[in-house]
There are 2 protein chains.
Amino acid sequence: MNSQTDLSGLMRTHHCGELRESDIGKKVSICGWVNKVRDLGALHFVDLRDKNGLTQLGFEEFKGDLSILKNFSLESVVKATGVVRARPDSAKNPKMETGMVEVQVTEVELLSKAEIPPFLPHGHIEATEDLRLKYRYLDLRTKRLQDILKMRSDATRTARETLYELGFTEVETPILYKTTPEGARDYVVPSRVHKGKVYALPQSPQTLKQLLMIANTDKYFQICRCFRDEDLRADRQPEFTQIDIEVSFPTMDYMKNLASRMISRLFKLGDNFSLKAITYDEVMERYGSDKPDVRFGLEHMNVTQTFAGSGFATFADVAKEKHGLVKAMFLPTSTATLARKDIDALTEVVKPYGGKGVAWFKVEAGALSGGISKFITPEILASLYEKSKEKGDGLWFFCADKNQNIAHDCADAVRRHLGKTLKLFNPDEYAFLWVYDFPLLDVDFDTKAIGAKHHPFTMPRLDQVELFMSNDLEKLAACKAQAYDIVCNGYELGGGSLRIFDNKVQSRMFEVLGLSPEEAQHQFGFFVEALKYGTPPHGGMAFGMERLVMMLTKTDSIRDVMAFPKTASATDQMSGAPSKPNEAQTRELNFKWLE
Amino acid sequence: MNSQTDLSGLMRTHHCGELRESDIGKKVSICGWVNKVRDLGALHFVDLRDKNGLTQLGFEEFKGDLSILKNFSLESVVKATGVVRARPDSAKNPKMETGMVEVQVTEVELLSKAEIPPFLPHGHIEATEDLRLKYRYLDLRTKRLQDILKMRSDATRTARETLYELGFTEVETPILYKTTPEGARDYVVPSRVHKGKVYALPQSPQTLKQLLMIANTDKYFQICRCFRDEDLRADRQPEFTQIDIEVSFPTMDYMKNLASRMISRLFKLGDNFSLKAITYDEVMERYGSDKPDVRFGLEHMNVTQTFAGSGFATFADVAKEKHGLVKAMFLPTSTATLARKDIDALTEVVKPYGGKGVAWFKVEAGALSGGISKFITPEILASLYEKSKEKGDGLWFFCADKNQNIAHDCADAVRRHLGKTLKLFNPDEYAFLWVYDFPLLDVDFDTKAIGAKHHPFTMPRLDQVELFMSNDLEKLAACKAQAYDIVCNGYELGGGSLRIFDNKVQSRMFEVLGLSPEEAQHQFGFFVEALKYGTPPHGGMAFGMERLVMMLTKTDSIRDVMAFPKTASATDQMSGAPSKPNEAQTRELNFKWLE
C-alpha cells in the first residue's frame with residue numbers, strides 16, 4: 001500500500017516504513033506507536049512504529065517545548081510532522097529500511113498516552129500464552145502476527161479470484177439452521193419465538209450447497225464459517241473457516257483440475273501444475289496413511305508373505321490372520337544412521353497407536369546384526385531386497401499386527417518420526433497429492449458398526465453399486481467412493497466427493513448407515529424430497545482455511561492464523577466469553593440450567 | 001462464463017444459452033433441465049434449460065429409440081450430445097438467444113427423472129410464498145432469482161476489490177463471542193464445557209474491529225454475518241450481512257471519500273463521483289427525515305414563526321411550545337393536482353406517526369380556497385411565498401405538532417406518500433446523500449432516558465465536549481456526534497462514526513448512558529482497558545449488504561436477495577429449522593426447558 005494511491009483525508013501523509021532517501025526534503029506527517037525513546041542530553045530521538053515499519057524522529061529543528069517527550073511512554077500513539085532529512089553518516093543504519101533518513105519534527109502531538117502494558121509487542125516476548133491471549137490486541141501488534149493476518153487476507157482474495165474467473169458464484173448460506181447429526185456435536189441456539197426449539201450452527205453447509213445445485217446455481221462457492229462442538233485438541237477451534245465449493249455436471253477429472261488450479265494459485269506454482277494422483281490403496285500400502293508426507297522416502301513395503309511360514313513366529317502368526325499385516329522400511333546408511341537408544345525409543349513412538357514394538361535389524365558391510373537378525377534367512381533377505389528400491393548397508397524396521405490398521409498406523413508413526421528427527425525433508429518444500437478411490441464406508445468388523453468414511457452424501461463408484469447394495473460387511477467394506485483428498489506435507493488441506501443425486505441411492509445410504517426410515521425422514525426428509533425434482537450430477541470439495549494459511553505461513557499453531565482464537569477449553573481469554581447470561585435472558589428463551 | 005475458459009472435465013462442452021450460428025457444424029454436449037417437450041408426430045423437440053438459457057434439441061438424426069423421450073418429464077435432467085444445425089427458416093426464433101440454431105441429437109441420457117414438482121420454475125408462478133419458501137430450491141431455479149444471486153456475488157466482489165486496492169486487510173472475527181446489550185437481543189449458544197455459560201452471536205463486530213485498530217491492523221474490513229433476535233418485520237431477517245470497515249488515523253473527510261469510492265464502484269458512477277454532504281439538522285428541516293428520498297422536491301418549510309400569534313389558533317398554539325413545529329409543503333399545479341378525496345386521505349397517512357390530520361389550502365388563478373384558506377391572511381401568504389422556492393397555483397400542505405418529532409414524521413410521511421402516488425421520481429435514478437453531524441444522544445425529555453443515537457463508541461464533536469460533560473439534558477441533546485449515514489432513495493445504505501479512543505471519554509459515555517461503573521466494567525471492562533495501552537484515533541462504517549443488493553437489483557423484498565431466507569417468524573420453511581433438539585442434547589448442554 002503506497003500512500004500516493006490512497007484516498008485523501010488520513011492524518012498522515014506516509015507510513016512509518018515508507019520513507020527513503022528519495023523523500024529527503026519532503027514535509028511529511030506520520031502516525032504510530034512509540035517504539036523507543038532516546039534522550040542523549042542535547043539530542044532526542046523517538047522511533048515511531050506502525051504496521052509497515054519504523055521511522056526515527058529527530059528534534060533538532062523542533063521549536064516547541066521538548067518536555068512533551070516526557071509523556072511519550074512506550075506504546076503511546078503520536079502524530080509527528082516534519083521534514084525528511086538524511087541522517088548523519090555516523091547514524092545511518094543500513095539494517096533498517098528507513099535507516100538512511102529521519103524526520104526532523106516541527107510539530108508533534110501525543111494522541112494517546114499509553115500506560116505500562118503487560119508486555120511489549122516487539123523483540124523477544126516473555127509473556128505466557130495465557131497473558132498473550134488475554135491481551136491479544138497487544139500480541140497482534142507484533143509484525144509477525146500482522147503479517148500472518150495479511151497473508152490470510154491475501155489467500156482468501158486469491159481463492160475468490162480463482163473461483164470467480166472460473167464462473168463460480170459466491171452464495172451465502174444461513175448460519176442459523178437445522179440440527180443434523182454429522183459425527184461431531186452441533187452448537188445450538190434456543191429460539192425465543194418457538195419455545196423449546198433450537199437452531200444449529202452448521203458443521204458445514206453440505207446439504208445447502210447441494211440444494212443450490214438442485215436450484216441450478218451451477219457453480220457455487222463460499223468462504224464460510226463452520227462450527228463443531230468437539231472436545232478441543234491443540235489444533236482445533238470451535239469455529240473455523242472453509243473454502244466451500246460445489247459444481248454441477250462435473251467428472252472426477254474436473255474436480256482434480258479444479259483442486260490443482262486452486263493449489264497452483266494459492267502456492268504460486270505456475271499454470272502447468274497438476275496434482276499427483278494416487279489411490280487410497282496405494283497410499284496406504286506405501287505410507288500407511290491417507291495423508292502422507294511425501295517430501296521424503298522411507299516408503300513402506302508389504303512383507304507379510306515374506307514371513308508367512310517363516311521361523312519368526314511373531315510375524316508368521318500375523319501372516320496367518322485374514323487382516324494381518326507386516327510392513328517394512330529400509331533406512332540406508334548413506335541417508336542416516338541411528339544409535340541403539342534411538343532405535344529402542346521407537347517403541348514409545350508406536351505405543352499410542354496400539355503397537356507393541358518395532359522389530360529391526362542392521363546390515364553392515366553385507367553382514368546382518370541386532371534385533372531380529374537371527375531370523376532373517378538368506379531367502380527372507382532376498383525377498384526383502386526384491387521389494388526394496390534401495391539395498392545394501394542400512395537399517396530395516398518392521399511393524400506387524402493382526403489388525404492391519406494398527407500395522408499401518410505404527411509404520412506411519414515410525415516413518416513420520418524418523419522423517420522429522422533425522423530431518424529427511426526440506427522444510428521449505430511443498431509436496432502435494434490427490435488421494436482418490438477412498439473406501440465409501442468405515443466398517444468395524446468386530447462391532448459390525450458402519451459409518452460414512454467421508455459423509456453420507458458421497459457417491460459409490462458406479463462400477464461398485466452392486467457391492468453397495470449388498471448386506472455383506474466384507475463387500476460393503478470393499479466398496480469404493482468417488483471421494484478425494486488434497487494432501488500436503490502430511491496434512492489434509494481439503495477433500496470432497498461426487499454426491500449421490502438419486503433419491504433411492506440416498507435412501508439406501510441412510511439404510512446402510514443404520515438410520516431407520518423414520519429417522520432418515522425426520523433428519524433429511526426435505527433433502528431426499530428435493531432430489532426428486534430433477535437433480536444434476538454434482539460434486540464438490542472444501543479446503544480448511546486455517547490449515548491452508550498455517551501451511552502458507554509455515555506455522556504449527558492454529559492460533560497464529562486467527563485474529564481472536566479460543567483456548568483449548570473454547571474460552572476467549574480477552575472478553576471472557578462464554579459468560580453467564582442474566583436470568584431474564586434465559587427466562588425469555590424459556591429454559592433454565594440444571595443444578 | 002465462456003466454456004472455452006473453463007477447466008476440462010465437465011460433462012458438457014457448452015451451456016444451454018451459449019450456442020449461436022457461428023457454432024453450426026460443431027459437435028457439442030449440453031446438460032440441463034427439460035423445459036418443454038413437443039411431440040409433433042414425426043418431429044420431436046425438447047427445450048433444454050440451464051442457468052444461462054435454453055437450447056432446442058431436435059431428434060431427426062437420432063438413431064436410438066425415441067421412446068426414451070416418454071420419460072422426459074418436465075424438470076428432468078438430461079445430457080444431450082449432437083451437432084449444431086441451423087433451424088429451418090420457418091422455425092427460426094429471433095426472440096430466443098439461441099433461436100437460430102438447434103442441436104440435432106445423436107446421443108441422449110436421462111440423468112435424473114423428475115417427479116411432478118409442486119410448481120414449475122418458469123413463466124408465471126401461481127404458488128403461494130409459503131410453498132415457494134418450502135421448495136426454495138425450485139423457486140431459485142428461476143432466472144430472476146439466479147440473476148439476483150449472481151448480482152449479489154458481483155457486488156461483494158466489487159466491494160472487496162475496492163477495499164483491497166486501498167490497502168485494507170480482511171480479518172475474520174469470531175461468531176461465538178460475548179453477550180453485550182446493544183439494544184437488540186442477542187442469540188445465545190449454551191456452552192457444553194462451561195456449564196451455565198453462553199456465547200452470543202455478534203450483532204456486529206464493533207468492539208472486535210476497534211480492538212483490531214488498537215492492534216495496529218490499520219485498515220480492516222470484513223464482509224460478515226450479524227445476528228439480531230428482534231421481533232421480525234417484513235424487511236428484517238434474524239441474520240444479515242454487512243460490509244464492515246474500520247480505519248486508523250482517519251479524518252471525517254477520509255470517511256466520506258471512502259464511502260464515495262465504495263458507492264461509486266458498486267453503482268458504477270465513475271471516478272469523479274462524490275457523495276453530496278448535508279447536515280442532520282438541514283436534512284431534518286428540509287425533509288423531516290434523516291434518510292430522505294431526494295429524487296424529488298416537495299421540500300419542507302419551517303413556517304412555525306409564520307403562524308406565531310396568527311388567527312389560526314391550532315398552529316398559533318403549536319408555535320408557542322418550546323419544541324413545537326409547523327411544517328409546510330407546496331405542490332405546484334404544474335407538477336400534479338390532487339382530488340379532494342386524495343387530500344382527505346392524507347389523514348390516514350399521518351395517523352401512524354401520531355398526526356391528527358393534514359391542513360391544506362389551494363391557490364388557483366391567484367385565489368385561495370379550501371381547507372384552512374380562511375386563516376391565510378395576505379401577510380401569512382407573503383411569509384409562505386418568501387420561504388417557498390416555487391409559488392403560484394398549487395396546493396399547500398401543513399403538518400404541525402407541539403412535539404417537533406411528530407411534525408417531522410408526519411410531514412415526511414406526506415412527502416413520501418405524494419412522491420410515490422404521484423410518481424414524482426424516476427424509479428431508475430439513484431440519489432445519494434452523506435448525512436453528518438448527527439446528535440450524539442437520543443434524549444427523551446419526558447422520561448429523561450438517554451440512549452446512544454449511533455452506538456456507545458461514537459465520538460462527540462471535539463468542539464462540543466463541554467456539552468457532553470454537562471448533566472443538563474438540553475445540552476446533552478444538543479451535543480453533536482462525529483457520525484454519518486450514507487442514504488439512497490429514502491433508505492440508509494450504511495453509516496458509521498469516528499470512535500472514542502480515550503478510556504476516560506468512553507467511561508463518561510457509559511455513565512451518560514446510565515451504566516453503573518460495575519455494569520460498565522462487567523460488560524466492557526476488557527475493552528476500556530484495551531484503550532489504555534496506546535489507541536490510535538479510528539473510525540469506521542458498515543454497509544447493509546441486503547439493502548445494497550435490493551437497491552442494485554431494484555427489489556423491495558429482502559427475501560429475494562438471500563438464498564435461504566427465513567419467514568417473519570424466523571422459520572426456515574424448507575428444512576423446518578428451528579426444530580426440537582433431543583433430550584440428550586439439552587442434557588449435555590445442562591439446561592432444560594421451562595414448562
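Analyst: Happy to! Helices and strands are DSSP runs, at least four residues of H or I for a helix and at least two of E for a strand, numbered from the N terminus. Keep in mind that this is a predicted model.

User: Nice, a proline to start with. Which kind of peptide bond joins A577(B) and P578(B)?

Analyst: The general idea comes first: most peptide bonds are trans, and most residues other than glycine have a negative phi. Here, A577(B) and P578(B) are linked by a cis bond, with omega about 0°. Chain A has a cis bond from A577(A) to P578(A), with omega near 0°, and P578(A) sits in the loop between α17 (545-553) and α18 (583-588) of that chain.

User: Let's move to strands. How many bridges pair β1 (residues 27-40) with β2 of chain B, and in which sense?

Analyst: As a reminder, strands of a sheet pair through backbone hydrogen bonds, either parallel or antiparallel. In this case β1(B) and β2(B) pair over seven bridges, in the antiparallel sense. V34(B) has L48(B) in β2(B) as its bridge partner. The two strands make a hairpin with two residues between them, and G41(B) in that turn has a positive phi of about 75°.

User: And what lies on from β2(B)?

Analyst: Another hairpin: two residues connect β2(B) to β3(B). β2(B) and β3 (residues 53-58) of chain B run antiparallel and are joined by six bridges, with D47(B) opposite Q56(B) in β3(B). As for burial, seven of the eight residues of β2 (residues 43-50) of chain B are buried, so this strand is largely enclosed by the rest of the structure.

User: How do I read a whole sheet? In what order do the five strands of the open sheet in chain B stand?

Analyst: The order is β12-β13-β16-β14-β15 (chain B), with antiparallel pairing. β12 (301-302) and β15 (367-369) of chain B are the edge strands; each has a single partner, so one side of each is without a neighbour in the sheet. Zooming in on one pair, β14(B) and β16(B) are antiparallel and joined by five bridges. There, F361(B) faces W396(B) in β16(B).

User: Now helices. Which residues of helix α8 of chain B are buried?

Analyst: In α8 (residues 313-320) of chain B, the buried ones are F315(B), A316(B), V318(B) and A319(B). Their arc around the axis is only 160°, so they are on the same side of α8(B). What do these buried residues of α8(B) pack against? Their partners are α7 (304-307), β13 (325-332), β14 (359-364) and β16 (394-401) of chain B.

User: And two helices together? At what angle do α15 and α16 of chain B pack?

Analyst: Helix α15 (residues 503-512) and helix α16 (residues 517-530) of chain B pack at about 160°, and their axes are 11 Å apart. Angles over 145 degrees count as roughly antiparallel, and α15(B) and α16(B) are therefore roughly antiparallel to each other. Their crossing is right-handed. N503(B), Q506(B), S507(B) and F510(B) of α15(B) make the contact with A520(B), F524(B), F527(B) and V528(B) of α16(B).

User: Finally, what are the overall figures for chain A?

Analyst: Chain A has 18 helices and 23 strands. Its C-alpha atoms fill a box of roughly 95 × 75 × 55 Å along the principal axes. Of its 595 residues, 58% count as buried. Among contacts in chain A with a separation of 6 or more, 68% are between residues 24 or more positions apart.

Key. Residues are numbered from 1 along each chain as its sequence is written. Chains are lettered from A and ligands numbered from 1 in the order in which they are written. This is a predicted model: local features need pLDDT of at least 70, side-chain atom pairs count only at pLDDT 80 or more; totals for chains, interfaces and linings use all residues. Side-chain values use heavy atoms; hydrogens and water are left out. Buried means under 20% relative accessible area, exposed over 50%, partly exposed in between (1.4 Å probe, protein chains only). The arc is that of the directions from the helix axis to the C-beta atoms. Contact means heavy atoms within 4.5 Å. Two strands pair if DSSP finds at least two bridges between them. Axes are lines fitted to C-alpha atoms, for helices over the stretch in contact, and angles run from 0 to 180 degrees between N-to-C directions. Angles under 35 degrees count as roughly parallel, over 145 as roughly antiparallel, 65 to 115 as roughly perpendicular and the rest as oblique. A crossing is left-handed if the near helix is turned anticlockwise from the far one by less than a right angle, and right-handed if clockwise.
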